[in-house]
Amino acid sequence: MPLGQRPGDKSDSRFCGVETEFDDDVAQVLAFNVSGGFDFMVLPLMDPAYRPSLVTSGSGAVLPCAGSDLVLSPSQWSSHVVGKISSWIDLDSEDEVLRMDSEIALKQEIAWASHLSLQACLLPSPKSASCANYARCVNQILQSLNNMQLWLRIPLQKNDDDDAMNGNSDHHSSDGDVDSWEWWNSFRLLCEHHSQLSIALDVWSTLPSPNSLGRWFGEPVRAAILHTSAFLTNARGFPCLSKRHQKLIDGLFNHSIQIVVCGKPAHNISADSLESVPTNYSNNHVDGIARHPLRSYLDYVAYLYQRMDPLPEQERFELGYRDFLQSPLQPLMDNLEAQTYETFERDTMKYSQYQRAVAKALIDRVPDDQASNVTTVLMVVGAGRGPLVRASLQAAEETGRKLKVYAVEKNPNAVVTLHSLVKLEGWENQVTVVSSDMRCWDAPAKADILVSELLGSFGDNELSPECLDGAQRFLKEDGISIPSSYTSFIQPVTASKLYNDVKSHKDLVHFETAYVVKLHSVARLAPSQPVFTFTHPNRSAEINNQRYQKLRFEIPRDTGSAMVHGFAGYFDAILYKDVHLGIEPTTATPKMFSWFAIFFPLRKPVCIKPGSPLEVHFWRCCGSTKVWYEWSVTSPSTTDIHNSNGRSYWVGL
């Protein structure tokens, strides 16, 4: 049964599993664990004593599997069982017999799991970062595997100077200074970033630093195996977790990562204590079946899940867009559809900020003693279906200023809606609808205020500079542009899912395209830095919107090594004076959903070592018919310059 109900959450993190020992009676083991409250079990598929070299050749011996495929229904195998590959397997052993046995057994067990239609198998952890033969064998299997996922077991371990190096680690390693992320990285590189290879993290009583933990959220983690030894004991004798572990579990839940409870019971809970447990914390009604020995651990995990806040309405709306790559808009080449307009128009926070900016501009433009005599000319360029027209008129009403509005729109379909809106609202004396491209329109008068919403996820990526430079000719010398400036930002990220989605297209074009994406399963490796800034009106004698920026990122040393799959891009805009709008994480406007981040992928991900800076170059290039970006990394290693001459991705003028 699920851990509980969390409004808006339909992810796999609602389901909790348990790791079991080998048992011939699979049906009984499943019934016991399901009745004990667990949703699935991680079950050894083969007798741990089995070794292929001990089987007499030609004897026709039957593999010692954990029961026939007939002992459970196909749906039970698929829904309730994750296969556990034998932990004795060591494909990089110096013992040739063990190495050969390991390869044979691994292939046999995966073949049996495929026959059972299991959704996933848990592979044993590499013995060290040197795991080339193990990875080679797994990669061979992946080439012909059905839809099954292979979870590589990785201990959540990074020995910091003040932690496991001083003997505070309760899991064993033969190496002195260990960062298990290196094991994973070595393995996945050898397996060519295969999309069906993912991670099951072993969570013990000691944890690495928050920065070190954070990088795992950009990796393909499917499960976290929570050992009973990781639990503390509360005042009433029940298992509980430290604050740091609780925060980690919350993060795992938020990233749709399933918890698997593992180990022997480490807490002796009396019957009297069980009777006093609140009903919202534990369910003891098991109809005469013996209480599961790990039930108290499951109850605590369920408690952590149930205490989480419901998903906010905005996040529920965005669920379907999480880590989904979308091509950016081509605002000058394409006309938006009604549904797209409607989505943007629902963003009340954005238009509230615009209304505040217009109101402040009107007050600065017209003193109170002239409010009844002076009419301000305001032009909305790129008016769409009229939300900025409405916000501007509301600002005029709020401030008691008189306003004449020109609504300029190039989309003839949106112009139809604008005319209807003007008639419906009775704005005929205040609003003039202009069906024209703002760059070509010959305005009948100069504007006091120029208002636009041409910003893209990267600020200038929907050609706001080119459009506003063309439109500023009908702005008075002392006129006001809203927005008055905007700056783009980038940030290096680990984004395994996004990288694999781009890689699946198997071509150059997709690796040289910038995507709009609701970032979720990413690790932000360093604070974002500003890239390009544009100011309006631009009164330069010669306007040049080409830009180049070289940036240097320092990854916190305690993060350990990390993989950079690309760069997340954001913007922050000053609408007018202190009224701003943006999606840069540290200053993002709350409750606003018109923009997701932009993602610039790297064809070949870059591995960053602790203390090694990341040097990045970004260009904004302009041609006669298009604008495009180019990007490259030059340290710690050098990548190709992506999208040279806009060969793969551009925005048409």
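Helices here are DSSP runs of H or I with at least four residues, and strands are runs of E with at least two, numbered from the N terminus. Counted that way, the chain has 17 helices and 26 strands. Keep in mind as you look around that this is a predicted model.

Let's start with the whole chain. Its C-alpha atoms fill a box of roughly 100 × 55 × 50 Å along the principal axes. Of the 653 residues, 56% count as buried. Among contacts with a separation of 6 or more, 78% are between residues 24 or more positions apart. The accessible surface comes to about 28000 Å², and carbon and sulfur atoms account for 51% of that area.

Now for a stretch that carries an annotation. An unreviewed UniProt entry places the feature "domain: PRMT5 oligomerisation" at residues 485–651. In the model, this span is 7% helix and 48% strand, and its end C-alpha atoms lie 20 Å apart.

Next, the charged pairs. Side chains of opposite charge can pair when their charged atoms come close. The structure holds 30 salt bridges. One of them joins Asp299 and Arg295, with N to O at 2.8 Å. Both residues sit in helix 9 (residues 295–306), four residues apart, or about one turn of the helix. Asp299 is buried because its relative accessible area is 4%, and Arg295 is likewise buried, at 7%.

Other bridges reach further along the sequence. Arg385 pairs with Glu345, their closest N and O atoms being 2.8 Å apart. Arg385 lies in the loop between strand 11 (375–381) and helix 13 (387–399), while Glu345 belongs to helix 11, so this pair ties together parts that are 40 residues apart in sequence. Glu345 is partly exposed, at 26% relative accessibility. Asp368 and Arg401 also meet in a salt bridge, at 2.7 Å from N to O. Here two loops are involved, one between helix 12 (348–365) and strand 11, the other between helix 13 and strand 12 (402–409), so the link spans 33 residues in sequence. Asp368 is exposed, at 62%, whereas Arg401 is buried, at 9%. Elsewhere, shared partners join Glu19, Lys84, Arg153 and Asp202 into one salt-bridge network.

What about the cysteines? A search of the whole structure finds zero disulfides. For Cys137, the nearest cysteine sulfur is that of Cys191, 9.8 Å away. Cys137 counts as buried because its relative accessibility is 0%.

Finally, turn to the surface, where Phe317, Tyr321 and Phe324 form a nonpolar patch with about 270 Å² of accessible area together. Phe324 is in the loop between helix 10 (313–318) and helix 11 (338–345), and it is partly exposed, at 46% relative accessibility.

Methods
Residues numbered from 1 in each chain as written. Predicted model: local features only at pLDDT ≥ 70, side-chain atom pairs only at ≥ 80, totals over all residues. Heavy atoms only, no water. Patch = residues over 30% accessible without salt bridge, like charges linked within 9 Å, V, L, I, M, F, W, Y side chains within 5 Å. Areas by Shrake-Rupley, 256 points an atom, 1.4 Å probe, with all protein chains shown as cover. Salt bridge = Lys/Arg side-chain N within 4 Å of Asp/Glu carboxyl O. Buried < 20%, exposed > 50% of the residue type's maximum accessible area, 1.4 Å probe, protein only. UniProt positions renumbered as here; feature names shortened; annotations may be inferred. Disulfide = S-S within 2.5 Å. Contact = heavy atoms within 4.5 Å.
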